[in-house]
Amino acid sequence: MPEKAVISHRGEKYEIGRGKRFYGIWVVGAPYDAPVDRWPENRDGWQQAWARFATIEEPGNIKAVTRERKGLPLKLGRRKTGDNADNADGGATAAPVAGRRSRRGTALLVGEGLLVLGVVLGLVGLFPAYVGGQSLLSQWDQVVPHLLYVIGWALTAALVALSVARPSNAARFGALFGLGLGAVTFGLFFADLGEVTSGASLGLGLVVSLISWAACTAGSALAFAANPGSVEQPSRPARPGPGHAGALALLVLAAIGTAAAFAPSWDRYVLAFASQGTAQTITAGNAFDNPGVVIAGNVAVMVAIIAVAALAALWRPARQGALLLAGAIVPLAAEAVSALIQAGQPATPGMFGISSAQASAAGLTISSGLTGIFWVYLVFVISLLVSCAWLFTEPGHQVMPGIPGSPWPPAGGDEGTRGAAGTVVSGDADSDAGEGTDSDGTDSGAGTGDGEQSAYA
């Protein structure tokens with residue numbers, strides 16, 4: 001049997017529709033196996049196909065194909081299950097769908113529980129000794145970043161809680177934010193743990209904080225797995241359109257610049273000896289001037305910055321990619337705040353192995369500040385914030401000139417000159433989607449479910 005196609009819209013010269021696992025444009029009357037072009041069978045593919053179709057065809061000539069030929073079972077929507085699905089097939093489908101929804105609800109609850117536990121442990125970890133016998137609360141340059149982490153995790157938990165109370169996409173938004181935060185903070189906590197290998201004492205505060213990070217990251221992953229997106233609104237990386245490639249490349253370059261500026265020394269000290277009339281400048285904080293485990297943690301931070309930014313640039317919808325990037329920006333901004341606080345604290349001669357008596361005899365005065373590379377880092381972080389705002393304001397789909405916009409899902413009802421359409425097998429339905437079809441399987445115009453799969457004759 002020859003392969004089939006469903007035509008969704010037709011113009012004077014061209015027509016657009018769905019082929020076997022692709023969307024395509026054909027010359028009107030051309031054979032099925034000779035499309036003008038084809039795109040992947042997903043939302044982005046349809047948007048790209050429609051953009052091309054609206055370019056090569058006069059918008060005023062485009063008409064939706066709604067006539068259904070006899071004997072064509074166009075089941076493009078999901079079946080209603082429950083009281084309205086009294087046939088054998090509907091009854092058999094209801095139980096697996098309900099089971100999947102139940103598992104997703106359980107995963108969401110477990111993820112929320114882990115996030116709440118992680119937030120509580122994050123606050124508890126501020127009080128005991130962290131590294132070297134000092135607690136985070138006794139070090140302002142350290143407690144502020146950790147508080148920002150906890151606030152970020154609390155925001156994630158709040159968004160997930162909204163979906164627990166009422167099914168929505170809030171869990172997906174919060175999970176992406178939490179995953180971006182967890183990816184970058186992994187390297188920072190690993191570097192803190194690496195200081196123990198250089199002789200510093202391991203405190204209970206660090207152990208509790210590590211457990212907090214693990215709980216929050218696992219909770220975010222579970223929340224995303226419970227609400228990963230749908231066919232109508234996929235949540236995953238995808239190839240960007242030609243008009244966005246330049247801006248997205250700048251985003252990735254900003255991430256590379258941030259990672260590169262993260263490594264050099266940020267702290268600058270000027271030691272002036274009045275008795276000798278000399279001054280000496282010392283820099284500190286180079287990421288690679290540390291024990292091996294600490295260096296590994298710093299490298300993990302740099303890799304995470306670039307990887308998360310690249311994922312955010314490719315993520316669709318773009319607003320969800322912005323949340324992934326926003327989560328990664330929180331610890332980057334926290335590091336800048338920590339450096340500013342540390343630079344504002346007075347330096348002591350003991351930091352450089354000079355006793356108070358020696359410092360007094362030499363008339364030593366010490367001034368502290370930040371190196372130029374720190375300000376370069378700050379500029380790159382701000383550029384990431386600007387890119388995040390750009391992603392967040394990016395429209396979810398293109399609007400075509402002269403027509404309201406490309407319909408989703410594509411509504412097809414005529415096999416044109418190339419044969420009959422296949423069917424859509426109902427699968428897992430999104431828990432927060434309320435659209436559906438009548439019990440006979442005909443499309444109600446609401447769209448397809450997120451777990452449906454196309455099967456063509």
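# Questions about a predicted model

Reader: In which helix is the place of Glu 112?

Author: Glu 112 sits in helix H2, which covers residues 88-124. The model is a predicted one.

Reader: What makes Glu 112 a residue without a salt bridge?

Author: A salt bridge needs a side-chain nitrogen of Lys or Arg within 4 Å of a carboxyl oxygen of Asp or Glu. For Glu 112 the nearest side chain of opposite charge is Arg 172, and that is 15 Å away.

Reader: Which residues is Glu 112 in contact with, leaving aside its neighbours within four places in sequence?

Author: Glu 112 is in contact with Ala 157, Val 160, Ala 161 and Val 164.

Reader: How many salt bridges does the structure hold?

Author: There are two. One is formed by Arg 10 and Glu 15, and in the other the side chains of Arg 18 and Glu 41 meet.

Reader: How do you know that Arg 10 forms a salt bridge with Glu 15?

Author: The closest N and O atoms of Arg 10 and Glu 15 are 2.6 Å apart. That is within the 4 Å limit, so the pair qualifies.

Reader: Are Arg 10 and Glu 15 buried or exposed?

Author: Glu 15 has a relative accessible area of 1%, which is under 20%, so Glu 15 is buried. Arg 10 has 23%, which lies between 20% and 50%, so Arg 10 is called partly exposed.

Reader: Why does the pair of Arg 18 and Glu 41 tie together parts of the chain?

Author: The pair forms a salt bridge at 2.6 Å, N to O. Arg 18 belongs to strand E2 (residues 14-18), while Glu 41 is in the loop between strand E4 (37-40) and helix H1 (43-56), so the bridge ties together parts 23 residues apart in sequence. Arg 18, at 10% relative accessible area, falls under 20% and is therefore buried. Glu 41, at 25%, falls between 20% and 50% and therefore counts as partly exposed.

Reader: Why is H1 called mostly covered?

Author: Of the 14 residues of H1, 10 are buried. Among them are Trp 46, Trp 50 and Phe 53. The cover over the buried residues of H1 includes strand E1 (6-10), E2, strand E3 (22-27), E4 and E11.

Reader: How do you know that the length of H1 is as expected?

Author: H1 reaches 20 Å from its first C-alpha to its last, close to the 20 Å expected at 1.5 Å a residue.

Reader: What makes the span of helix H7 agree with its number of residues?

Author: Helix H7 (residues 292-314) has 23 residues and should span 33 Å at 1.5 Å a residue; its end C-alpha atoms are 33 Å apart, so the two agree.

Reader: Which elements do the buried residues of H7 pack against?

Author: They pack against helix H4 (170-194), helix H6 (245-262), strand E11 (315-316), helix H8 (318-344) and helix H10 (372-393). The buried residues of H7 include Val 294, Val 301, Ile 305 and Val 308.

Reader: Why is Gly 60 called exposed?

Author: Gly 60 has 59% relative accessibility, and exposed means over 50%, so the word applies. Gly 60 lies in the loop between H1 and strand E5 (63-64). Gly 60 and Gly 11 are 49 residues apart in sequence, and their C-alpha atoms are 8.4 Å apart in space.

Reader: Why is Gln 134 called partly exposed?

Author: Gln 134 has a relative accessible area of 43%, which is between 20% and 50%, so Gln 134 is partly exposed. Gln 134 is in strand E7 (residues 134-135). Its C-alpha is 9.2 Å from that of Gly 205, 71 residues apart along the chain. Not counting residues up to four places away in sequence, Gln 134 touches Ala 129 and Gln 139.

Reader: How many helices and strands are in the chain, and what percentage of the residues is buried?

Author: The chain has 10 helices and 14 strands. Of its 457 residues, 46% are buried.

Reader: What is the mean pLDDT of the chain?

Author: The mean pLDDT is 79, and 75% of the residues reach 70 or more. Over residues 67-93 the pLDDT is below 50, though this stretch has 62 contacts in the model beyond near neighbours in sequence. Residues 396-404 are also below 50, with 17 such contacts.

Terms used:
Residues numbered from 1 in each chain as written. Predicted model: local features only at pLDDT ≥ 70, side-chain atom pairs only at ≥ 80, totals over all residues. Heavy atoms only, no water. Helix = DSSP H or I, 4+ residues; strand = E, 2+ residues; numbered from the N terminus. Buried < 20%, exposed > 50% of the residue type's maximum accessible area, 1.4 Å probe, protein only. Lys, Arg positive; Asp, Glu negative; His and termini not counted. Contact = heavy atoms within 4.5 Å. pLDDT = per-residue confidence, 0-100. Expected span 1.5 Å × (residues − 1).
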